[in-house]
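Subject: The structure you asked about

Hello,

Here is the structure, ready for you to open next to your notes. Have a look first, and then read on for what turned up.

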Amino acid sequence: MPRPRLTGLGGGLFACAGMLLVGGICWLLFGSSLFVYGMLFLPVAAATAIWVRPADLITAPITVPIAFAAGVWPISGGSGGFGGQLMGLVSALSLHAGWLYAGTLVAALIVVVRKAVLIGRRRLPRRVA
């Protein structure tokens, strides 16, 4: 598995670009299925939390929900005009908040485990000495 180290901004851009790509794929291939979109959101959230630098761990659970909102736009199903698109986006976000919470929880759990491992590695040399 590749081990890129994304900055906080890079992680956010990665998540947003990934979710826009997922949204476009769901729109083209799956008829704007929000279930498929939610299922594909979980690995993107996990990858973002895994690939962010240790110094920027806190940004992963923050950028993942923003990426969900950015990527759901192509499949939100709003009617014509800005107001219709906005209402479709808000409706999609509110009706499928479970996926949003699940992906954010996945990212937060990965970040907590990574931070605990980093703290454990930092304290280990002190105990040996």
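This is a predicted model: local features need pLDDT of at least 70, side-chain atom pairs count only at pLDDT 80 or more; totals for chains, interfaces and linings use all residues.

Gly-71 belongs to helix H3. Setting aside neighbours within four places in sequence, Gly-71 is in contact with Met-19, Leu-20, Gly-23 and Tyr-37. Phe-30 is 41 residues away from Gly-71 in sequence, and their C-alpha atoms are 15 Å apart in space.

**The overall picture**

The protein has five helices and zero strands, so reading along the sequence gives the pattern α-α-α-α-α. Its C-alpha atoms fill a box of roughly 65 × 25 × 20 Å along the principal axes. The protein has 129 residues, and 36% of them count as buried. If you take the contacts between residues at least 6 apart in sequence, 74% of them join residues at least 24 apart. The accessible surface comes to about 7,500 Å², and carbon and sulfur atoms account for 75% of that.

**Aromatic rings**

Searching the whole structure turns up four aromatic pairs. One of them is Phe-41 with Phe-68: the ring centres are 4.8 Å apart and the planes stand at 70 degrees, so this pair is edge-to-face. The pair links distant parts of the chain, since Phe-41 sits in helix H2 (residues 34-51) and Phe-68 in helix H3 (residues 60-71), 27 residues apart. Both Phe-41 and Phe-68 are buried. Together with Tyr-37, Phe-41 and Phe-68 form one aromatic cluster. Tyr-37 is also one of the contacts of Gly-71 listed above.

Thr-63 is another residue of helix H3. With a relative accessibility of 15%, Thr-63 counts as buried, because the cut-off for that is under 20%. Not counting residues up to four places away in sequence, Thr-63 touches Gly-8, Gly-12 and Thr-48.

Ala-107 lies in helix H5 (residues 97-128) and counts as buried, at 0% relative accessibility. Again leaving out residues up to four places away, Ala-107 touches Ala-45, Ala-49, Ala-60, Pro-61 and Val-64. Pro-61 is 46 residues from Ala-107 in sequence, yet the two C-alpha atoms are 5.4 Å apart in space.

**Cysteines**

How many disulfides does the structure hold? The count is zero. Cys-16 is in no disulfide, and the nearest cysteine sulfur, in Cys-26, is 16 Å away.

**The surface and a loop**

There is a nonpolar surface patch of about 680 Å², made by Leu-21, Ile-25, Trp-27, Leu-28, Leu-29 and Phe-30. Trp-27, one of the patch residues, is found in helix H1 (residues 8-29).

The loop between H1 and H2 contains Ser-32. Ser-32 has a positive phi of about 60 degrees, although it is not a glycine. At 25% relative accessibility, Ser-32 counts as partly exposed.

**A salt bridge**

Side chains of opposite charge can pair when their charged atoms come close. In this model the count comes to one salt bridge. Which side chains meet in a salt bridge? They are those of Arg-53 and Asp-56, with 2.8 Å from N to O. Arg-53 is partly exposed, with a relative accessible area of 32%, whereas Asp-56 counts as buried at 15%.

Best wishes

Conventions: Residues are numbered from 1 along each chain as its sequence is written. Side-chain values use heavy atoms; hydrogens and water are left out. Rings of Phe, Tyr and Trp (its six-membered ring) pair if their centres lie within 6.5 Å; planes under 30 degrees apart count as stacked, over 60 as edge-to-face and the rest as tilted. Helices (H or I, at least four residues) and strands (E, at least two) are DSSP runs, numbered from the N terminus. Buried means under 20% relative accessible area, exposed over 50%, partly exposed in between (1.4 Å probe, protein chains only). Patches are made of residues with over 30% relative accessible area and no salt bridge: like charges are joined within 9 Å, nonpolar side chains (Val, Leu, Ile, Met, Phe, Trp, Tyr) within 5 Å. Accessible areas come from the Shrake-Rupley method with a 1.4 Å probe; for residues, only the protein chains shown count as cover. A salt bridge is a side-chain nitrogen of Lys or Arg within 4 Å of a carboxyl oxygen of Asp or Glu. Contact means heavy atoms within 4.5 Å. A disulfide is a pair of cysteine sulfur atoms within 2.5 Å.
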